[in-house]
Amino acid sequence: MLRAHTSDHADVVIIGAGIAGLSAAHQLISAGVDVSVLEAAAHPGGRMATDDMDGFRLDRLGPLLGSAGPELGTTPGLDGLVLRDFAPGVLVHSEGRQYLAGDVRSARGALRAVRSRPSAPRAPLGGAIEQARLGAWLARLAAAPESRITARPDRAALDALSARGLSPRVVGGFLRPLLSALLGDPGLTTSSRMADLTLRDYARGRLCVPSGGSATLPGLLAAALPPGTVRTGVHVTAADITSVRTKEHGELGCRSLLLATGAGAAAELLPGLRTPAFHPVTVLHHTTAQAPPTGARLLLDGDRSGPVAHTAVMSEVDPSRAPHGRALITSTVLGPPPPDLDDAVRAHLAALYGTPTDDWELLAAHHDPEAVPAMPPPHDPRRPVRLLAGLYVCGDHRDTSTVQGALRSGRRAASAILADLGVRSPQADGTGLPTAA
Ligand SMILES: Cc1cc2nc3c(=O)[nH]c(=O)nc-3n(C[C@H](O)[C@H](O)[C@H](O)COP(=O)(O)OP(=O)(O)OC[C@H]3O[C@@H](n4cnc5c(N)ncnc54)[C@H](O)[C@@H]3O)c2cc1C
């Protein structure tokens, strides 16, 4: 029998109000289970954080979220989410020029791989034959079911890309910088299956970000939970199946425990858990009066000629991120940042955008050494979320290291908890009503 929620007991205690924990809380509550989510920080959201500063919305995730995948459409609580699309294709900077590449739509709706700007030559992204090959390859990938991709041998993404029969110019000048940006992995050591699924999402849709910054997404999830479900400023110091100890509020009892922290914090609370390697990411925000003329497009460094992997004028993609009359340029450095970060980034941005950046004002720089859990081959994107009856773990490190993966891991963990509690999820019986089994 399920017990009523009190301040020192809940049927399920979830540690961590990142999107994985919040997604699990929604599934459990909609099945009638009593849940308490304990969050150490002052706000829910975890890594999906956006800082307010003088009218700017400064996103810690940088200029990218990825393609709008299915979890965003199916996770309860996200009905009000507004996504801002980047313009189709990406700009690649190479040998001193910008090229428009990877616009997967054409006037006839067919897939078109690489297209140069009207005023720009096609090199170094390849001639017509190379572009046609890339277009055909992306078209096949877009149509491939997940099962076919995950049945392929798994190896490092860079090795797999080099063996696809595409020209080195297309791989080095377009696919490599695009995938590095999408995966947060400059060396492309990620599993080739995960890389192919990521490129498939890109070939199927458009890059987008949440309007107002990535914190909007967990903000919506948290706001749609019953009041009092999420308790912020509560740091869990020890946990087992039936209780958790907190720094601020003593001990709380529970019937089941779900660890929804990042991988490092999960391993501290449960020392047997494996900690993955991480890809560190640094995000910088600059402002200037005059926006560089790239429009709402992601700009990639095709030559790896400086610290910036990708950058965008975010005020063009999402005008709500900057006050009127100011441009917001957000840039990402993958891997360890250089010691002279702002100087090195500013010089590189001047080359990428083709405009002086001396008078650009640095608003903020944020480094996260555990930004993206590495997914080397062989990677299992459905790592078990049930450790034993009553003890569960979710988060991007149990799935894919993405927003989609974190949401999906929360959903999988909630299903496992409901099965062990003998409660059928509303999604499972299709009636929308919780059913005790
Ligand atoms: C710079 C950067 C760029 C990224 N870019 C992208 C991208 O472009 N596309 C994409 O899909 N993904 C991207 N990601 C990854 C994405 O943000 C994560 O996959 C996702 O947010 C992970 O959510 P989560 O709930 O699993 O973990 P988290 O967001 O880490 O949430 C865990 C929560 O647990 C809390 N917690 C930890 N320990 C305790 C404790 N002891 N007691 C109580 N609470 C605790 C934390 O405070 C945190 O709120 C990026 C991440 C970063 C950092």
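Two strands count as paired here when DSSP finds at least two bridges between them. With that in hand, let's walk through this predicted model, starting from a sheet and ending at a pocket.

The sheet is open and has seven strands, arranged in the order β8-β7-β15-β16-β17-β14-β18 with mixed pairing. At its edges sit β8 (97-101) and β18 (361-373), each of which pairs on one side only. Averaged over the sheet and ignoring direction, neighbouring strands are turned by 25 degrees against each other.

Look next at β16 and β17, which pair in the antiparallel sense over five bridges. Val308 has Val333 in β17 as its bridge partner. Helix α11 (residues 341-353) packs on this sheet, touching β7 (90-94), β8, β14 (278-288), β15 (299-301), β16, β17 and β18. The direction of α11 makes about 65 degrees with that of β16.

Val308 also takes us to the second largest pocket: together with Pro186, Arg304, Gly306 and Ala309, Val308 lies nearest the pocket's centre, among 15 lining residues. The elements giving two or more residues to this lining are α6 (168-183), β16 (308-313) and β17 (327-334), and α6 gives the most, with four residues. The pocket has a volume of about 240 Å³, and its lining is made up of eight nonpolar, four polar and three charged residues.

Notes: Residues are numbered from 1 along each chain as its sequence is written. This is a predicted model: local features need pLDDT of at least 70, side-chain atom pairs count only at pLDDT 80 or more; totals for chains, interfaces and linings use all residues. Side-chain values use heavy atoms; hydrogens and water are left out. On a 1 Å grid over the protein atoms alone, a cavity is a set of points where a 1.4 Å probe fits but cannot get out, and a pocket is an open set with protein on both sides within 12 Å along at least five of seven lines; lining residues have an atom within 4 Å of a point. Grid points are joined across faces, edges and corners, and a volume is the space filled by probe spheres set on the points. Ala, Val, Leu, Ile, Met, Phe, Trp, Tyr, Cys and Pro count as nonpolar, Asp, Glu, Lys and Arg as charged, and the others, Gly among them, as polar. Axes are lines fitted to C-alpha atoms, for helices over the stretch in contact, and angles run from 0 to 180 degrees between N-to-C directions. Contact means heavy atoms within 4.5 Å.
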